[in-house]
Amino acid sequence: MKQILPYLPDRPLKPRVNGLTMVMDKGLSIRESEDFMSVGNEYTDFVKLGFGTSLLTPGIDKKLSVYKSAGCRPYFGGTLFEAFIIRNMFTEFLEFLDRYEIDLVEISDGSYDMDHQKKLEYIKTLAGRGTVISEVGSKKKDVVYSPVEWVAMMRSELDAGSVKVIAEARESGTVGIFNDDGSINSPVVNAISHHVQLENVIWEAPLKSQQVWFIKHFGANVNLGNIEPREIIPLEALRTGLRGDTFFQFLPDELK
């Protein structure tokens, strides 16, 4: 792109550690996943098979192969991990991961109230097996953490072995780091951004307005998650100033 237009922000090539995009697959067919990868593989780093859909989607092994062959890392949603844990089936969860050769694991406690020390133990255990990303924040609107608690949980989970921490927003973008109307929960986001290294945080931002906010505040290479498959190219356009919402973001002053 830079050969055609100047003043586009640099985007790291895969495999990258920042500027990550995590897409949520909520039940795509194999054909749809192939179509998605045909245009989005360059811009997609992780594909989350949302919540417990991996137990319900036909041809899951073929779909996983599509993502892996395209150079993306698929993983199962944290809610599936919680569904196994609440049933006291951690060993069976490990067997499920092994069956599909999944080495990237999300550990969350957004649906099931888990003792945080126990969550840290799961992170340490699974970090010895592969790559762990952990999700911080509750999916329940009545569970509210203070900014200090958000920071403390994120830092302790990174120390326990998570390579990234996900800031919870759900696929609706109305809890956790966002308010009921989808606007930014400023005290929480400000605390996280000041006390946790940005490259270690994946901000769930399913809505365009939220994506725009993070790009304007943290730059083109902010890590974003819970992106719809059909939004992967539009998001990349936002990241590079090729869409109205960020059109002037990366231009020099003399062109603004």
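Mentor: Let's start at Thr21, whose bridge partner in β8 is Leu224. Before going on: this is a predicted model, where local features need pLDDT of at least 70 and side-chain atom pairs count only at pLDDT 80 or more, while totals for chains, interfaces and linings use all residues. Residues are numbered from 1 along each chain as its sequence is written, and side-chain values use heavy atoms, with hydrogens and water left out.

Strand β8 covers residues 224-227 and runs parallel to β1, joined to β1 by two bridges. (Strands are DSSP runs of E, at least two residues, and helices are runs of H or I, at least four, numbered from the N terminus; two strands pair if DSSP finds at least two bridges between them.)

Zoom out, and this pairing belongs to an open sheet of eight strands with parallel pairing, in the order β3-β2-β1-β8-β7-β6-β5-β4. β3 and β4 are the edge strands, each pairing on one side only. On average, neighbouring strands in this sheet are turned by 25° against each other, direction ignored (axes are lines fitted to C-alpha atoms, for helices over the stretch in contact, with angles from 0 to 180 degrees between N-to-C directions).

Now follow β1 (residues 21-25) to β2: the two pair in the parallel sense over four bridges, and Met22 has Phe46 as its bridge partner in β2. The chain gets from β1 to β2 through helix α1 (residues 30-40), in a right-handed β-α-β crossover. (Right-handed: with the strands pointing away from the viewer, the path from the first strand over the helix to the second runs clockwise.)

β2 itself spans residues 46-49: Phe46 and Lys48 point one way, Val47 and Leu49 the other, and all of them are buried (under 20% relative accessible area, with a 1.4 Å probe and protein chains only; over 50% is exposed, in between partly exposed). In a regular strand, side chains alternate between the two faces of the sheet.

Next comes β3 (residues 73-76), parallel to β2 over four bridges, with Phe76 as the bridge partner of Leu49. Here the chain crosses from β2 through helix α2 (residues 60-69), again as a right-handed β-α-β crossover.

After that, look at helix α3 (residues 78-86), whose buried residues are Gly78, Leu80, Phe81, Glu82, Phe84 and Ile85. These pack against β3, α4 (90-99), β4 (104-107) and α5 (116-127), where contact means heavy atoms within 4.5 Å. Following α3 is Asn88, with a positive phi near 60°.
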